[in-house]
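Here is a briefing on one protein chain.

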Amino acid sequence: MACGGQDPDEYKRVYEGESIAVYSTRGEDICARTFTSMEGYLNTLQDFTGVSIPQDEKIIHYWPWSCGDELEGCAAHLTSYSAVIPHEHELAHNILAHNLGAPFLFREGSAVVLSGAFFDGGDPSAIDPDELAARNGPPDGYPLVDSYASAARFNRFLLDEYGVGALLEILDATSSTGPDEIPASVTTVTGVEWTTLLAKYRAIDICPEIGYRLWLTECSAPTVAPIENQWEIAEKFSCETNAIGSVDKFWITRTIDIDPPGEHEITFVADPGVYAEIGSCGGCSAPLYVGLHEFGSTHTINMDAGKYFVRILGSGEHSSRALVRITSNTPQGP
Ligand SMILES: [Zn+2]
């Protein structure tokens with residue numbers, strides 16, 4: 001996406017590390033663990049894709065930057081701009097920077113799949129890949145989030161079926177040829193006819209809701225151990241001391257390991273303005289997402305065995321407190 005409007009000269013360098021330098025007009029509003037989190041995400045993404053930032057180069061990131069009404073960010077080669085920080089979607093574009101010329105279906109779909117578990121609410125089954133493939137931008141007549149979600153769901157399918165190497169090859173092949181050549185390029189890489197591949201995609205009930213994203217970093221957050229059949233995540237957190245984000249919106253993340261599976265009761269109590277979310281780390285196989293917005297709310301949900309992340313979010317300059325309690329209703333073994 002094109003990035004216009006602001007003057008880069010007004011931004012000061014507020015961070016320079018291994019992979020990224022951050023320029024800002026509001027450096028004092030960036031939270032304590034934000035830069036560590038961005039470096040960690042970039043390392044994980046480079047390991048996963050096998051694509052490295054060119055030697056002696058760094059990503060240059062500008063925050064805050066307004067990229068237009070509906071867009072939270074934009075990217076150009078090794079430079080990115082965003083309205084929120086961190087913004088993993090643009091960093092994913094930066095890692096795959098040589099593929100920014102790829103058609104919308106692959107360029108945006110791959111970036112969404114690779115940018116972690118933030119929930120934008122788009123409908124991933126709204127638009128067929130054949131319709132997305134026919135043009136080099138989001139189709140008219142659909143909400144923009146549906147275009148991104150639908151592209152991402154198809155890219156997750158390609159990733160699961162053919163591997164990350166194939167997805168990168170498709171991005172490479174279509175970067176120089178454009179939308180008309182998508183069917184031929186995909187067939188060359190996968191060995192499967194485009195129509196056959198689409199039929200297979202349409203027949204598989206994959207990734208309902210938003211489980212198509214790869215949750216690359218949130219599930220490596222510190223693990224909280226249960227006491228008997230109960231997990232208690234009681235946290236005091238603030239932008240200044242231990243959170244990721246900016247004073248506008250920041251968070252801390254923990255993980256829990258659910259076993260045995262079954263019904264769980266979740267209770268949430270927090271200071272005003274604080275909310276929480278719980279998501280499964282199983283990606284497509286066991287998608288689960290619960291938003292905890294109401295003070296003192298209780299939810300009863302079924303949880304598969306496995307790892308989940310618990311994210312607690314706040315805003316402002318003061319410390320906040322939150323308690324998330326998850327209790328298994330399944331009787332414990334002898
Ligand atoms: Zn994008």
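What percentage of the 334 residues of the protein chain count as buried? The share is 40%, where buried means that 20 or more other C-beta atoms, placed from the backbone, lie within 10 Å of the residue's own. This is a predicted model: local features need pLDDT of at least 70, side-chain atom pairs count only at pLDDT 80 or more, and totals for chains, interfaces and linings use all residues. Residues are numbered from 1 along each chain as its sequence is written.

**Overall fold**

- The protein chain has seven helices and 14 strands; these are DSSP runs numbered from the N terminus, with helices (H or I) of at least four residues and strands (E) of at least two.
- Its radius of gyration over C-alpha atoms is 21 Å, close to the 20 Å of the globule rule for 334 residues, so the chain is as compact as a globular protein of that length (the rule is 2.2 Å times the number of residues to the power 0.38).
- Along the principal axes, the C-alpha atoms fill a box of roughly 60 × 50 × 40 Å.
- Of the contacts between residues at least 6 apart in sequence, 68% join residues at least 24 apart; a contact puts two C-beta atoms, placed from the backbone, within 7 Å.

**The four-stranded sheet**

- Four strands form an open, antiparallel sheet in the order E6-E14-E9-E12; pairing requires at least two DSSP bridges between two strands.
- Strands E6 (230-237) and E12 (297-303) are the edges, and each pairs on one side only.
- E6 pairs with E14 (residues 320-328) in the antiparallel sense over eight bridges.
- Ala234 stands opposite Leu323 in E14.

Conventions:
Buried ≥ 20, exposed ≤ 12 C-beta atoms within 10 Å, placed from the backbone.
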